[in-house]
Structure formats: structure tokens, C-alpha cells
Amino acid sequence: MLDILLISSDEERAGRIAALVTQENAGHRLRTIRAGASRLGEHRESAQKADLLIIDDVHLAQRDLAAVEAIAASTPRLSCLLVTPSLSQDWLVAAMRAGVRHVLSWPIDDASFASELALIAQKKSAGTGRDSRMLSFVSPRGGSGTTFIAVNLAYALARERGKRTLLIDLSRQFGDAHLMLADKPPASTLVDVCSQAERLDGAFFETCAMHVHPNLDVLAGSCDPVKATDVRPAQVERLFSLVMPRYDAVIVDLGRSVDPVSMLALDRSSDIGVVLRQSIPHLHTGRRLVDILRELGYPGAKLRVLINEYDKSATVDIATLEQALGLRVAHRLARDEKHAGEAVEQGTPLLEVAKASPLARGIDALADILWPEQPEASTSMFSRLFASKPAAAPMRALKAES
Ligand SMILES: Nc1ncnc2c1ncn2[C@@H]1O[C@H](COP(=O)(O)OP(=O)(O)O)[C@@H](O)[C@H]1O
Ligand SMILES: [Mg+2]
């Protein structure tokens, strides 16, 4: 059952939405405000009490999104659905920045409306389940060690800390995370799961995930970047809603993607590991990535800069990186070509190859940082309170460049 607040500038459309809500589930509670989105600020308190805010205004202006953003930031459990005649890419990004995660266009298709509402209801009920956490890893450049860190951290949480862990390869470009854990092809990939999202339930997911350790499952990434473009945010949201109550830890390898699909993971993540090396290209692209993440509303406190292959004599030292990024480095991992290479070649976790190596111990220390024994109150709620807004927003570069 959802508590829904609809703000609609048109009586006929409001009636149509009300009919759709009842059709989806007569138990939903709907309150309707007949006004344009510019009046949303006046109804802030009502919106904050709802599970879902539906905004229907054909004349929606960019400035109206500020009110949406303020409400979404102060009410992280509130879902926002925008109904609009058409939406350009720029608008979509602006809406997402404001906290909108559900968008439908007029005329509303019954099935799409029902599936969005079902997803929102799932999200609501998932919040009452197991107290699980998601951690995401992203890098502005390929070859930084993002997958290596995500995989080995997942293994450390599963094996050393007994956490029921799921690793999701969401990188969508030649997914390779599973290759670092098992020497066998995956039964299914992210694309297969998403393309059948409507039949996704616990039993189906069990058949799709690779079981690489009693405590560690892997959802392999797409081996085909073209097919991966079919993966839709709503499908991924459904996947997350299903898996979050089933695992203690969900580790997501985002590769270099920052887009509407990976933002679903970023939103849910308590921590976002930004993997960098000490080089000038990493310095520049890392800065850009951090700016984009901040622009999208992820607070600095959630961004964990991880320096891989740390070199104390590198020209780009930690102080230079910290100054450029405006963030402290959370952790450094040693360079260990021998053991990292062996682990990757054999498709075996580093912990199994060289448990006592400085790199394996560094991964273990990272698990302590990201998953302290007595975790603090979860910071997974989407917060924009510290969002900075540089004047020249690099919003078009949604995919971090290499
Ligand atoms: N700390 C490290 N020391 C040595 N080699 C590493 C280290 N971390 C990662 N590697 C190697 O770097 C390569 C690229 O890592 P990968 O995780 O695939 O990068 P990304 O996912 O960022 O593209 C891998 O073959 C891995 O063996
Ligand atoms: Mg990778």
C-alpha cells in the first residue's frame, strides 16, 4: 500500500492518474493537489509524509525541480515520479539530479504505470527487511583495479567476515568480474536477468547467480556492450529491490559508468569507492569524476578515494591528489604485480593466492574501513545536503572519459 501525493495542473489528467492508481491497487491512498509544480513548495509537508510524489505538469520548469530536490533531499524514502509529454536527455539528467527516479510520458501506458508503482512498493517493503548495505566502485579510467578491488573485497566480506555477499558486475562493458573468481562461464548475465525482469523472483535469481563460495554469489556482467544498452533503470531497480533483503552486502562494480542505471547503485550505496592511480590522467579524470558525482548530489563523505598501486615516490603524491579532488584519500593499496597477476590469471581470489601479502592485507583493511565491526548508522540514504554546484557543470559527460 502506498501513500501517494499527486500534484497535477490539469483536471482531466489528474482523473486519469487517479484511475490508474486505483486500477493498480485499490488500497493505495491518493491525495491530489490541483496546481502546477511551481506550487509544490507550499505542499512540502504533505509530500514529506507520502511514499510517492507524482508530479504532472506539462509546463514544468527547471526552477520547479529545486522544490522537488529540497523535498527529496529531506525525505530519502520518498519516491518521485514525473509525468511529462516528452523529456530531453538534459531534462532527464536535471530531474535525476533533483531526485526523480521514475519518469513516464503522456499518454501514460497502463502497464508501465503499474510496473513503476509495483517497483516503488517493492522499494518501500525492501526497506523493512534485512539491514543490508551496498558498496559501489567506480573509476574514471580503465585498468585502475576497480574490478580487482570490488571482487576481492566481496570475497573478504564473504569469507573472512561471514557476510552473505552478492557481487554485481554493472560495468556493462565486457563484464569480467566473474572471471576473477571462477574459471567457468556464467549461467546468466545482468542482461539476461534484466531482459526477464518481469519474472524475477528469488528462485529465478538463484538460477542466474554464480555461487562461487557458500557466502558469495556473483551476477556476471554483460559480455556484449551492445546488448547491455537494453538494460533499463526500472529493471535494475527491480533487481536491487529483490537482492537487498537477501544479502548482507551487495558490492557493485560500476566500471567507468555514471549514468541513470549506475546512479541507482550510487543512490543505494553507503559508500562509493573511487579508484585512482597516481598519474596525471587519473588526477584530471578523477577530479572530473568527483565533480560529476558531487554535481549529482553524492556528498563528499560518501566518496572514498582509493589509491591503487600506491607508490610513495610517484610525482603525483597523495597531497597533490587530495588537493585536486578536495577529498582525503581513504585508503592505499600496494602494488603487487606478482600476486595480483597470479590471482587474475587463475580466476582465484587474492586471499586464496597470497593471504599474507601486503595487497591482501590492504584489501582486508579496506573491508574494515568500509565495514567496521560495529557499523555506524547507515549513511545509505540519498542526501543532497552537502551537494556543491560548480557553475560550469560537466553534466553532459555522463560517461567518465578515459
Ligand atoms: N594493486 C595491484 N597491484 C598490481 N596489479 C594490480 C593491482 N590492482 C589491480 N591490478 C591489475 O590490474 C589489472 C586491471 O585491473 P582491473 O580490476 O581489471 O581494472 P579496471 O576494472 O579498473 O579496469 C588486473 O589485471 C590486475 O591484475
Ligand atoms: Mg573492470
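Q: Helices (H or I, at least four residues) and strands (E, at least two) are DSSP runs, numbered from the N terminus. With that convention, which element gives the largest share of the lining of the second largest pocket?

A: The model is predicted. Helix α5 contributes five residues, the largest share of the lining of the second largest pocket. This pocket has a volume of about 580 Å³ and is lined by 21 residues, with E116, R232, P233, A234 and Q235 lying nearest its centre. Two or more lining residues come from each of α4, β5 (102-105), α5 (110-126) and α10 (233-243).

Q: How do the residues of the lining of the second largest pocket divide into nonpolar, polar and charged?

A: Eleven are nonpolar, five are polar and five are charged. Domain 1 (3-126) and domain 2 (133-370) each supply at least three of the lining residues.

Q: Which residues of helix α4 are buried?

A: An α-helix has 3.6 residues a turn, so residues three or four places apart point the same way. In α4 (residues 89-98), the buried residues are V93, A94, A95, M96, R97 and A98. They pack against α3 (64-74), β4 (79-84), α11 (260-268) and α12 (280-295). Just after α4, G99 adopts a positive phi of about 110°.

Q: Why does T147 count as buried?

A: Buried means under 20% relative accessible area. T147 has 13% relative accessibility and therefore counts as buried. T147 belongs to helix α6 (residues 146-159). Leaving aside residues up to four places away in sequence, T147 touches D176, A177, M180 and D253.

Q: In what sense do strands β8 and β9 pair?

A: In a regular strand the side chains alternate between the two faces of the sheet. Strands β8 (residues 210-213) and β9 (residues 216-219) pair in the antiparallel sense, over three bridges. A hairpin connects β8 to β9 through two residues, and H213 has L216 in β9 as its bridge partner.

Definitions and conventions
Residues numbered from 1 in each chain as written. Chains lettered and ligands numbered in written order. Predicted model: local features only at pLDDT ≥ 70, side-chain atom pairs only at ≥ 80, totals over all residues. Heavy atoms only, no water. Buried < 20%, exposed > 50% of the residue type's maximum accessible area, 1.4 Å probe, protein only. Contact = heavy atoms within 4.5 Å. 1 Å grid on protein atoms, 1.4 Å probe; cavity = no way out; pocket = protein on both sides within 12 Å on 5 of 7 lines; lining within 4 Å. Points joined across faces, edges and corners; volume = space filled by probe spheres on them. Nonpolar A, V, L, I, M, F, W, Y, C, P; charged D, E, K, R; others polar. Domains from an automatic or database assignment. Pairing = 2+ DSSP bridges.
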